[in-house]
Each structure stands twice: as C-alpha cells, then as structure tokens.
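Hello,

Here is the structure I promised to pass on to you. Please have a look at it, and then read on for what turned up.

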Amino acid sequence: MKLAMLALITSFILCFVAVRISIPLFKKLKAGQPILKYVKEHVAKSGTPTMGGLCFIVPSLLVSIFFLRGSGRIFALTVAICLAYLVVGFLDDFIKIKSKNNAGLKPYQKILFQIAIASIGAVFCYYNGLDFLHLPYLKKTIFIGKWIIPLVA
C-alpha cells in the first residue's frame, strides 16, 4: 500500500510539473486548439493549448514503469495499449494544429483505431491465457475463453 501511495504522489507531482512546463511551451509553439467559429460560447477558448494528454499519460506511464517494472504480461499489455491510445490522441491533435481547424481525425477514424487497438489486445489476451475475468469483491474468477475477444474489442 505504501508503494502505491508513493507511486500516486510521484505521478501527481510529475503531471503537475509537466503541465506547468508544457502549457507555455505549447503556447510558444502555437499548438492551440482552433475552435468552431459559429459557436460563440467557445470564443474564449480559442488558442487553448492542445495535446494535454501528453502531460498526464507520459508521466503516469513513466511512474508505472519505474514502480512496477518486471510485473509481467498484463502490465506490458496495459502499457502498450496506453501508448497506442496516446498515439491516436496525439495524431488527432496534431492534425488539428497542422490544418489550423477543429477537424482532426474523423469520428469513424478514431473509433476504428480504438477498435483495432482493443482487438489486438483481446487477441493477445486470448493467446496468452489471459482469458478470464477476476472479480475481486466477489473473490471469483470467471473463465471466458474465446468470448474475451468480443467482450474486450
């Protein structure tokens, strides 16, 4: 429990520092989110720095890797899936900044990427014997076999 609290506090501090460093950097790089001109309520948000996920996901992953190194296949899969979703979010924001409009990836493109990532994770789970659900409060483990793929994906 002490290790978990130390990891939580470390992650919070690193995320805080990353935000404090990144916001001025993103503003300097003009990495602001364009807004929809016809939505008057959003005018005040024009130029708000984007790519905030980097400030939270990267420090959290680094802390997790540091504190939980050598934790096995489930941990490696979790890190890989987090990184894959980070790439999708980065790509979406990058397209918005590069094109200087609010249209990044189209919704169907985002969902296809997310389904592909989840499907790869589900197939990995199935072929590596991770095809069960652990219900900690009920103290039960349910074997679901091939159903892991449609349930996860």
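What does the accessible surface of the protein chain come to, and how much of it belongs to carbon and sulfur atoms? The surface comes to about 11000 Å², and 73% of it belongs to carbon and sulfur atoms; accessible areas here come from the Shrake-Rupley method with a 1.4 Å probe, and for residues only the protein chains shown count as cover.

A word on the background. This is a predicted model, in which local features need pLDDT of at least 70 and side-chain atom pairs count only at pLDDT 80 or more, while totals for chains, interfaces and linings use all residues. Residues are numbered from 1 along each chain as its sequence is written, and side-chain values use heavy atoms, with hydrogens and water left out.

Now the overall picture. The protein chain has five helices and two strands, in the order α-α-α-α-β-β-α along the sequence. Helices (H or I, at least four residues) and strands (E, at least two) are DSSP runs, numbered from the N terminus. Of the 153 residues, 25% count as buried, where buried means under 20% relative accessible area, exposed over 50%, and partly exposed in between (1.4 Å probe, protein chains only). Among contacts (heavy atoms within 4.5 Å) with a separation of 6 or more, 52% come from residues 24 or more positions apart.

Next, a pair of helices. Helix 1 (residues 2-28) packs with helix 2 (residues 53-68) at an angle of about 145 degrees, their axes 8 Å apart. Axes are lines fitted to C-alpha atoms, for helices over the stretch in contact, and angles run from 0 to 180 degrees between N-to-C directions. Residues making this contact include Leu3, Leu14 and Phe26 of helix 1 and Phe56, Val63 and Phe67 of helix 2.

Finally, the strands. Strand 1 (residues 132-135) and strand 2 (residues 140-143) run antiparallel and are joined by four bridges; two strands pair if DSSP finds at least two bridges between them. Phe132 stands opposite Phe143 of strand 2. The hairpin has four residues between its strands, and Lys139 lies in that loop. Phi of Lys139 is near 55 degrees, a positive value in a residue other than glycine. Is Lys139 buried or exposed? Lys139 counts as exposed because its relative accessibility is 72%.

Best wishes
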